[in-house]
Amino acid sequence: MRHGMLFTIMATLLLFTAVACEREPLLHLYDEGNVDLELPVVDLDLQVYWDYEMSYGIHYDWRAEWFYGWDEEDKRIFGEMGYTAPNVFNLRRYYTGEHPNARHTSVLPATVYGTHFRGSYDWGYWDILCWNQVVTIDGVQSLIFDEETSLDSVTARTNPGMQTARYQAPKYTRAFYEPEPLFAAYDPAIEINRNLDGFTFDSERNVWVRKLDMLLMPVTYIYLTQVILHHNRGRVVAVDGTSNFSGMARSTTLNTGVAGTDAITVNYYSRLKNGCMKHDEVVDIVGGRLLTFGICGINANRIDRAEQVHDPNSHYMDLVMQFNNGMDSTFVFDITSQVRQRYKGGVITVELDMDTVPIPQRRGGSGFDTVVKDFEDGGTHEFEM
């Protein structure tokens, strides 16, 4: 496990070979080994999981830059801000005989309720894949799992929804649903041999035990977005409740944790809060939370710093703001640099000085393309109609 990576699902596989009550002079083994599998307990901590080192030994503190907060209404709309512990798992076992890392020719599927599973294993090599069962607030699942195309890998993806998106056009003209929280682990070439190599004897249970460490890591990444409106003074009175986040992967492979190379726009909910505090200033904030498969073509959990990210896509966030004269405008923000710095999730912040934003005079979204410079540094905001 990497240093500081405390947000994990620690999976311990306890492999028990069934033996007779007496250990000596011989071990009387069945032709198959009975196996107990103990699944993980989750320790969740966003502060530790988002363990970026931003520069010169300065570590990322998302709480210091997250001003939107998270109240009961946010929980009702978005769910919990962080990851939640799963308690139902999907287990796939692949037997490869005497050949480690061989191609899969068959699969033994199982659903595990709680943290304990018992099965039987032939002597030889096994590959084990595990991921959590999807649970949603409304009972509607966006994730689609493909286990049929190849027995050697399981992929997860989402489908497009009804919202229009222009960033990946003409290939995709609609934004996609965001995936649900998903964790996965794959442990190949587990050997269960007749010599009991790697096993120890548990005298209390009278079984030989082999312990394997298996780490379930998130393959969907949480982004918290906030558009901070300075000097709003009632200009923006509402948002339409939906936002888009572009340039993210459409799918991921559970066996490797590597996101797909097909870039999409993810649609998610947003909400306007008035009277938030940013240090000593009262501001209005449009906030939201979304899950994505992350940056295309990488396993974010295997990257130590942003310089290792090879990202071919730009990333934009857009939302529709409604003004006090009844008109609305679509605002588009380039967030590419922030996403690449926070390659496994984090806070994405845009700051707008509303004194510099013209109130639209026509309905339907005037389509601002917004280049946002650092508000704290006294930068300006450029708008193209």
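Predicted model: local features only at pLDDT ≥ 70, side-chain atom pairs only at ≥ 80, totals over all residues.
**Stop 1: the main core.** Select Trp 50, Trp 62, Val 227, Leu 229, Phe 245, Met 321 and Phe 333. These residues have the most contacts inside the largest nonpolar core, which has 75 residues. Next, colour residues 221-230. This is strand β16, and the largest share of the core, seven residues, comes from it. In soluble globular proteins, nonpolar side chains tend to be buried together.

**Stop 2: around Trp 62.** Centre on Trp 62. Leave aside its neighbours within four places in sequence, and Trp 62 is in contact with Leu 46, Gln 47, Trp 50, Met 81, Leu 224 and Val 347.

**Stop 3: the second core.** Now select Ala 156, Leu 182, Val 219 and Cys 296. They are among the 16 residues of a second, separate core.

Stop 4: Show strand β10, residues 155-157: three bridges join β10 to β18, and the two run antiparallel.

**Stop 5: the largest pocket.** Which residues are the closest to the centre of the largest pocket? Select Phe 78, Thr 136, Ile 137, Asp 138 and Glu 180; the lining has 33 residues. The pocket holds about 1,000 Å³ of space. Finish by showing α2 (72-78), β19 (263-278) and β20 (281-292), the elements that give two or more residues to this lining.

Conventions:
Residues numbered from 1 in each chain as written. Heavy atoms only, no water. Core = buried A, V, L, I, M, F, W, Y, C linked by side-chain atoms within 4.5 Å. Buried < 20%, exposed > 50% of the residue type's maximum accessible area, 1.4 Å probe, protein only. Helix = DSSP H or I, 4+ residues; strand = E, 2+ residues; numbered from the N terminus. Contact = heavy atoms within 4.5 Å. Pairing = 2+ DSSP bridges. 1 Å grid on protein atoms, 1.4 Å probe; cavity = no way out; pocket = protein on both sides within 12 Å on 5 of 7 lines; lining within 4 Å. Points joined across faces, edges and corners; volume = space filled by probe spheres on them.
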